[in-house]
Amino acid sequence: MKAYNRFNHYLGIEIAQVDENSCTAVLKIRPELYNSMEGVVHGGVTVTLLDVVMGYAAAPHVDGVQQCVSVESKINYLAPVRGDFLKAESKVLRRGGKIIVMEARATTDDGTLVAVALGTYARVNSDKAKEDTHVV
């Protein structure tokens, strides 16, 4: 059985497209994802979706196993997330050995740009990562 990210599955994140330079994912919005303001998606959901698309494009999964980890990220929230779905798209800004710098944007179903993010990712040896209890 191929490994998959249980948290992404739990949230309902669906990868629509991925290659070595970009990724697109979609998340169907449902009430469980709202913050305390009815109808507005929690910011943690948005940043998670952006992290997912950046990570997938930084180092595409091999046999369902991630090949990189997040080192740092920054997000700007531009508008509340409302609607039926949230879409995120990422692209590689720079590759340098083990370090990859990414950019991502999130939009709602009506095309509203709701967040932008920058992230730094590090390639990992997935076999070694399974053995480690922490990443330094």
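Predicted model: local features only at pLDDT ≥ 70, side-chain atom pairs only at ≥ 80, totals over all residues.
Reader: Why is Gln67 called buried?

Author: Buried means under 20% relative accessible area, exposed over 50%, and partly exposed in between (1.4 Å probe, protein chains only). Gln67 has a relative accessible area of 12%, so Gln67 is buried. Buried residues make up 35% of the 136 residues in the protein chain.

Reader: Where is Gln67 found, and what does its side chain reach?

Author: Gln67 sits in the loop between helix H2 (43-58) and strand E3 (68-77). Its side chain reaches the backbone oxygen of Val65 at 2.8 Å. A polar contact is a pair of N or O atoms within 3.5 Å; within protein, one must be able to donate a hydrogen and the other to accept it, and residues adjacent in sequence count only if both atoms are side-chain atoms.

Reader: How many helices and strands are in the protein chain?

Author: There are three helices and six strands. Helices (H or I, at least four residues) and strands (E, at least two) are DSSP runs, numbered from the N terminus. The pattern along the sequence is α-β-β-α-β-β-β-β-α.

Reader: What makes E5 and E6 a pair?

Author: Two strands pair if DSSP finds at least two bridges between them. Nine bridges join strand E5 (residues 99-108) to strand E6 (residues 113-123), and the two run antiparallel. Ile99 stands opposite Ala122 in E6.

Reader: What is the order of the strands in the open sheet?

Author: The order is E1-E2-E4-E5-E6-E3, with antiparallel pairing. Strand E1 (13-18) and E3 are the edge strands, since each pairs on one side only. From one strand to the next, the twist averages 20°.

Reader: How many disulfides are there?

Author: A disulfide is a pair of cysteine sulfur atoms within 2.5 Å. By this rule the count is zero.

Reader: Are Cys23 and Cys68 buried or exposed?

Author: Cys23 has a relative accessible area of 0%, so Cys23 is buried. Cys68 has 6%, so Cys68 is buried too.

Note on methods:
Residues numbered from 1 in each chain as written. Heavy atoms only, no water. Axes fitted to C-alpha atoms, helices over the stretch in contact; angles between N-to-C directions.
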